Amino acid sequence: MTWTGINQLSVEDVPEPQLLNDHDVILKVTRTTTCGSDLHLLSGYIPFMRAGDVIGHEFMGEVVEVGKGVRDRRVGDRVVVASFVSCGACWYCHHELYSLCDNSNPNPGITEGLWGQAIGGCLGYSHAVGGYAGSHAEYMRVPFADVGSFVVPDGVPDDRALFASDAASTAFTGVDLAGVQPGDTVAVWGAGAVGQMAARLSSIVGAERVFVVDRFPERLAQARTHAGAETIDYTTTDVAAELREHTGGRGPDVCIEAVGMEAHSPGPQGAYDAVKQQLRLQTDRPSAVREAIMACRKGGSVFTLGVFAAMVDKFPLGAVMNKGLTLRGAQVHGPRYIPRLLELMDRGELVTEHLATHVLPLEEAPRGYELFKEKADGCVRAVFTPHG
Ligand SMILES: NC(=O)c1ccc[n+]([C@@H]2O[C@H](COP(=O)([O-])OP(=O)(O)OC[C@H]3O[C@@H](n4cnc5c(N)ncnc54)[C@H](O)[C@@H]3O)[C@@H](O)[C@H]2O)c1
Ligand SMILES: [Zn+2]
Ligand SMILES: [Zn+2]
């Protein structure tokens with residue numbers, strides 16, 4: 001399936017991918033799913049897309065061809081693949097900062113000006129992060145396959161393994177690097193797949209109480225049922241005040257933001273952000289990050305997993321400084337967490353099948369995106385099966 005323009009997707013025939021490099025494998029894609037990051041491409045807030053780009057970066061499949069430099073993969077392997085591409089050999093890869101790989105983004109110049117340095121490449125995403133063809137396709141090329149692909153244990157079903165690719169590994173990146181400790185209270189903004197996984201993984205590493213903030217009842221219900229979280233509908237309450245009330249007046253130890261650049265905000269601040277974003281006077285609508293910073297306890301940690309492009313306005317830097325907060329963010333370091341996720345999935349401790357609310361053939365991907373974008377019919381993730 002290709003991106004053909006803002007809010008335009010189409011399913012067309014494209015040439016079959018070929019091995020281009022000795023470290024590639026070709027994968028027969030068995031499952032591929034929508035991600036909140038794709039919505040930012042659809043709405044045109046992440047630039048450097050070209051008509052005809054194949055999108056999709058959260059997927060699994062079967063290895064059907066192996067480059068001659070590949071050591072560990074064999075034809076027939078059932079694998080899940082990290083969304084970011086990592087060479088495994090540079091300084092960043094050696095430090096397990098895989099999405100910061102220095103060798104996997106062939107177009108570093110695009111983001112060097114914006115961020116000071118370029119990050120690694122991402123499959124099926126903007127040309128600013130490499131312009132690789134994505135997974136909403138029957139077959140796909142996986143570069144550096146020894147680093148980025150992982151054999152799925154036989155006992156782990158497809159709709160579980162699939163989410164180790166991006167949603168769960170993103171969540172684990174946040175939970176780990178935000179420093180969630182046993183006994184902590186964690187609050188998560190966003191009850192999509194990323195937020196729900198962040199809530200569940202916070203409990204797995206020992207958080208005592210976990211709150212999830214969103215407005216969609218079906219998603220909040222999933223967070224209660226599958227992550228054991230307490231939930232808050234941000235449209236009906238003052239979130240920071242409610243979190244303080246539940247934490248003896250202090251606020252959560254760790255606040256994880258899993259909403260990103262298109263945050264919804266019902267008040268005047270939301271209208272202000274929307275106008276400024278439309279006029280390109282700011283690139284992102286950061287209302288959930290602002291709220292997380294204000295809600296976090298003094299000396300706590302705020303982590304943004306939600307994707308942001310560049311510049312935001314009305315950012316409470318004074319609160320970050322004066323409250324002694326640690327503010328971090330990251331793109332997913334997949335290979336650092338996927339093996340541990342597959343173990344948790346194999347033991348039945350991490351279950352994700354409920355996220356796959358809509359399973360559709362690839363021909364129906366545009367409809368799947370429509371449901372996912374509008375959060376219609378309880379859609380949390382639309383999963384496509386290119387081979388039926
Ligand atoms: N860091 C990474 O490597 C990485 C990887 C995957 C996804 N992401 C990003 O994570 C974010 C979430 O992804 P997803 O797939 O779960 O998306 P999603 O669209 O399914 O979920 C986002 C959720 O945020 C909620 N939301 C909107 N405004 C809110 C607000 N003000 N307060 C609380 N909740 C609010 C929405 O109702 C929705 O349920 C996106 O920005 C995506 O780009 C980042
Ligand atoms: Zn993603
Ligand atoms: Zn590298």
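**View 1. Helices α7 and α8 run roughly parallel to each other in this predicted model.** Helix α7, residues 193-204, packs against helix α8, residues 217-227, at an angle of about 20°, and their axes lie 10 Å apart. Because angles under 35 degrees count as roughly parallel, the pair α7 and α8 is described in that way. The crossing of the two helices is right-handed. On the α7 side the contact is formed by Gln-196, Ala-199, Arg-200 and Ser-203, which meet Arg-219, Gln-222, Ala-223, His-226 and Ala-227 of α8. Sorted by class, this contact of α7 with α8 comprises three nonpolar, four polar and two charged residues.

View 2. The crossing in which α6 passes α7 is right-handed. From α6 the residues in contact are Ala-167, Ala-168, Thr-170, Ala-171, Phe-172 and Val-175, while α7 contributes Ala-193, Val-194, Met-197, Ala-198, Leu-201 and Ser-202. The contact of α6 with α7 consists of ten nonpolar and two polar residues, with no charged residue.

View 3. Ala-168, Ser-169, Phe-172, Thr-173, Asp-176 and Leu-177 of α6 meet a set of α13 residues made up of Gly-334, Arg-336, Tyr-337, Ile-338, Arg-340, Leu-341 and Leu-344. By class, the contact of α6 with α13 has seven nonpolar, three polar and three charged residues.

**View 4. Four cysteines hold the zinc ion (ligand 3) in a tetrahedral site.** The SG atoms of Cys-87, Cys-90, Cys-93 and Cys-101 are the protein donors of this zinc ion and lie 2.4 Å from it. The angles among the four donor atoms of ligand 3 run from 101 to 117°, and the site is tetrahedral. Along the sequence, the donor residues of the zinc ion (ligand 3) follow the spacing C-x2-C-x2-C-x7-C.

**View 5. The zinc ion (ligand 2) has a cysteine, a histidine and an aspartate as its protein donors.** Cys-35 through SG, His-57 through NE2 and Asp-166 through OD lie 2.0 to 2.3 Å from the zinc ion (ligand 2). In the chain, the donors of ligand 2 are spaced C-x21-H-x108-D. Cys-35 is placed in the loop between β3 (25-33) and α1 (36-42), and Asp-166 in the loop between α5 (158-161) and α6 (167-177), so this pair ties together parts that are 131 residues apart in sequence.

Notes: Residues are numbered from 1 along each chain as its sequence is written. Chains are lettered from A and ligands numbered from 1 in the order in which they are written. This is a predicted model: local features need pLDDT of at least 70, side-chain atom pairs count only at pLDDT 80 or more; totals for chains, interfaces and linings use all residues. Side-chain values use heavy atoms; hydrogens and water are left out. Axes are lines fitted to C-alpha atoms, for helices over the stretch in contact, and angles run from 0 to 180 degrees between N-to-C directions. Helices (H or I, at least four residues) and strands (E, at least two) are DSSP runs, numbered from the N terminus. Angles under 35 degrees count as roughly parallel, over 145 as roughly antiparallel, 65 to 115 as roughly perpendicular and the rest as oblique. A crossing is left-handed if the near helix is turned anticlockwise from the far one by less than a right angle, and right-handed if clockwise. Contact means heavy atoms within 4.5 Å. Ala, Val, Leu, Ile, Met, Phe, Trp, Tyr, Cys and Pro count as nonpolar, Asp, Glu, Lys and Arg as charged, and the others, Gly among them, as polar. Donors are N, O and S atoms within 2.8 Å of the metal (3.2 Å for Na, K and Ca); water is not among the atoms, so sites may look incomplete. Four donors count as tetrahedral if all angles lie between 85 and 135 degrees; four count as square planar and six as octahedral if opposite donors are over 155 degrees apart and all others between 65 and 115; anything else is irregular.
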